[in-house]
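Q: I would like to learn how to read a few features of a structure. Can we take them one at a time?

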Amino acid sequence: MRKSRLLLVRDFRRQTGGNIKVRDYFRHAAAHPRFEARAWFPPQSRHRDSEIWEDLAAGQVSISFDPAAQDFICVNGRDWALLPDDLGTAEIIHFVQHAGYATDPVLRSYLERPARRLFTSQALFEAIGALANGPAHVVPIGVDPVFQTGAPYNTSRRVTILCAKQPDFAAALAARLEALDLEPAMLDGAWRPHNEYLGMMRRSEILVTLPLRREGFYLPALEGMGQGCAVICCDAVGNRGHCVAGETCLQPAFGDVDGHVAAVEQLIRDDALKAHLRAGGARMARRHGMAQERAAFHTMLDAALADQEARRLGA
């Protein structure tokens with residue numbers, strides 16, 4: 001039986017969490033026994049400079065983009081702009097990773113085009129799924145196994161703040177915590193090798209994660225849970241499945257400096273609560289493994305194949 005041809009179209013510019021996830025989706029597709037997966041990068045793409053794509057085999061890279069030769073074409077975000085008007089019979093699989101599609105007119109126009117869509121969380125689907133034209137699947141993000149050690153924390157660093165997405169708020173929070181003699185570490189958005197990033201988390205007793213107001217999933221909070229941190233994370237829409245107030249994290253209001261300071265102080269005082277959150281967070285991280293993500297992704301691909309075959313039989 002001929003394998004279905006799947007082509008990922010990706011213009012890679014910089015190393016981000018979203019780009020790592022697109023890479024993961026490509027790996028899942030390549031591991032499906034009924035698919036032949038390849039990736040096509042436009043000339044301006046910088047994927048060759050990134051460790052994210054360094055393990056691509058030569059046979060997995062397509063030199064040219066021929067839509068007519070594909071059964072499925074995968075795109076993420078603004079990579080829609082790389083697609084020609086005529087895709088022949090190829091079906092588009094569209095990765096939707098954040099809630100910005102609802103307010104960005106260009107991204108929203110992509111949601112209105114026919115495609116099969118992957119949403120990274122149930123909450124994200126509930127927030128913007130009604131705008132999407134075509135079948136929708138929820139594929140919750142999985143945690144890389146290196147973040148699931150459940151290793152006990154090292155109290156050499158009491159508090160670490162993830163400040164990449166809210167740098168001004170993070171600075172204000174850090175100043176307040178420094179006044180309490182806590183000296184928090186600041187983990188910014190600069191790209192770091194896994195071991196360095198992991199090391200900063202593992203040395204942290206308390207991890208304060210600062211997402212955008214409307215995330216599609218927000219993986220850093222879950223990574224911190226997998227590393228044994230007591231996590232503080234405000235509501236961010238897409239994180240509602242894994243950031244459960246009082247069970248896996250403390251959840252002060254978005255933008256509330258006083259609330260975040262109070263949450264840190266509460267965890268420092270209350271060892272029982274801290275242990276409760278660490279245990280709940282570790283359980284949650286184990287539920288979001290890469291094996292579960294791959295299984296959900298393959299379920300989506302199986303549905304796409306079944307629909308394609310039904311159309312052929314009905315033709």
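Q: Which residue in β10 does Val208 stand opposite?
A: First, the basis: this is a predicted model, in which local features need pLDDT of at least 70, side-chain atom pairs count only at pLDDT 80 or more, and totals for chains, interfaces and linings use all residues. Residues are numbered from 1 along each chain as its sequence is written, and side-chain values use heavy atoms, with hydrogens and water left out. Strands (E, at least two residues) and helices (H or I, at least four) are DSSP runs, numbered from the N terminus; two strands pair if DSSP finds at least two bridges between them. Here Val208 stands opposite Ile232.

Q: In which sense do β9 and β10 pair, and over how many bridges?
A: The sense is parallel, with 4 bridges joining β9 to strand β10 (residues 230-233).

Q: Why is β9 described as largely enclosed by the rest of the structure?
A: Buried means under 20% relative accessible area, exposed over 50%, and partly exposed in between (1.4 Å probe, protein chains only). In strand β9 (residues 204-209), 6 of the 6 residues are buried, so the strand is largely enclosed.

Q: How many aromatic pairs does the structure hold?
A: Rings of Phe, Tyr and Trp (its six-membered ring) pair if their centres lie within 6.5 Å; planes under 30 degrees apart count as stacked, over 60 as edge-to-face, and the rest as tilted. The structure holds 9 such pairs. One of them is Phe26 with Trp53, edge-to-face at 6.1 Å centre to centre and 65° between the planes. Phe26 lies in helix α1 (residues 17-31) and Trp53 in the loop between β2 (35-40) and β3 (72-76), 27 residues apart, linking distant parts of the chain. Phe26 is buried at 4% relative accessible area, and Trp53 is buried at 5%.
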